[in-house]
Amino acid sequence: MIWLLFLGLAVLALAPLGWTLLRPARLRDRQEADLALYHAQLAELEREREAGRLEPEAYRAAKLEVQRRVLAAPGLAPEGAEQPGRPPGRGAAVLAALLFLLPALGVGLYLWRGQPDIPAAPFQERAQAAARDEALLQRLRERLAQGGAGPEVTRQGWILLGNAERGRGRPERAVEAWETALRLRFEGPLAAELAELQIERGEFAAAQGLLARALQIDPGEPRLRYLTGLAEARAGRPENARATWRALLAEAPADAPWRGLVERRLQELP
């Protein structure tokens, strides 16, 4: 029943548009203006006759001339004649049909692909969930600051905190957390994550230093080499980026899944 109610509301919302499409059309623009002018001329002749400034014969001749113009004008009829509207054409009929088909189609698609039974998430509930998540992150920060859980556990905690901060749209806090984790133990994959975030923030020098250190440990890592070229390109050194990416492609397997990405980046260079 609720879906029938929604469908009815949609039809009611579109009803004014349907009435506009289906009602008889009115004369407008040039024709309407001409007809109004002729009516005004007839009224002016009538006033002139009543004031005695126009002889009866001259009045009749002038009135006949105005009426002749009304009859001669295309699409106009003499005063008092019915002005038929233009019946709606095929395009109007199609639009009228769509007024009823579109709401039904929308409801059908939602019932087919949507999730009508999914519970609602009012703003208050979402705000409460966000507050709970923030409280959990704050407790994690406090525990990490206290230490005592062992270096590796603490390091994993900082990585987890950085992931959460980045997911919540706070990249500066994610950078701080990952830098702390790298100070506890340096590794290439985390360095690549941090360098990518630094490139996004425009911190090219910091990213290049981090990538250079990681490449000393694993000089053949494709992601580190790709990010090195990306940092050079974003820093305004396209020739360095081109040389880095061409060398990477020359050493890469033909079926490397990231080849297409590097080739597109090369094409985008000035």
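Trainee: In what order do the elements of the chain run from the N terminus on?

Mentor: They go α-α-α-α-α-α-α-α-α-α-α-α, and the count is twelve helices and zero strands. Both kinds are DSSP runs numbered from the N terminus: helices are H or I with at least four residues, strands are E with at least two. Keep in mind that this is a predicted model, where local features need pLDDT of at least 70, side-chain atom pairs count only at pLDDT 80 or more, and totals for chains, interfaces and linings use all residues. Residues are numbered from 1 along each chain as its sequence is written, and side-chain values use heavy atoms, with hydrogens and water left out.

Trainee: Why are Tyr226 and Trp245 called stacked?

Mentor: Rings of Phe, Tyr and Trp (its six-membered ring) pair if their centres lie within 6.5 Å; planes under 30 degrees apart count as stacked, over 60 as edge-to-face and the rest as tilted. These two are 5.8 Å centre to centre with 20 degrees between the planes, so they pass both tests and are a stacked pair. The pair links distant parts of the chain: Tyr226 is in helix H10 (residues 222-234) and Trp245 in helix H11 (residues 238-251), 19 residues apart.

Trainee: How do you know whether Tyr226 is buried or exposed?

Mentor: Buried means under 20% relative accessible area, exposed over 50%, and partly exposed in between (1.4 Å probe, protein chains only). Tyr226 has 12%, so it is buried. Trp245 is at 1%, so it counts as buried too.

Trainee: And what about Arg141, buried or exposed?

Mentor: Arg141 comes out at 17%, so it counts as buried. This residue sits in helix H5 (residues 123-146). Contact means heavy atoms within 4.5 Å, and, not counting residues up to four places away in sequence, Arg141 touches Glu134, Leu161, Glu165, Arg170 and Arg173.

Trainee: What is Leu37 called, then?

Mentor: Partly exposed, because its relative accessibility is 44%. Leu37 belongs to helix H2 (residues 29-50).

Trainee: What covers the buried residues of H8?

Mentor: The cover includes helix H6 (151-167), helix H7 (171-184), helix H9 (204-217) and H10. Among the buried residues of H8 are Leu190, Ala191, Leu194 and Ala195.

Trainee: What makes a group of residues a nonpolar core?

Mentor: It is a set of buried Ala, Val, Leu, Ile, Met, Phe, Trp, Tyr and Cys residues joined through side-chain atoms within 4.5 Å. The largest one here has 36 residues, and Leu210, Tyr226, Leu227 and Trp245 have the most contacts inside it. H8 gives the largest share, seven residues. A second, separate core of five residues includes Leu42, Leu45, Tyr59 and Val66.

Trainee: Why does Arg213 count as lying over the face of Phe186?

Mentor: A charge sits over a ring if NZ of Lys or CZ of Arg is within 6 Å of the ring centre and within 35 degrees of the ring normal. Arg213 is listed as lying over the face, at 4.0 Å from the ring centre, so the distance is within the cut-off.
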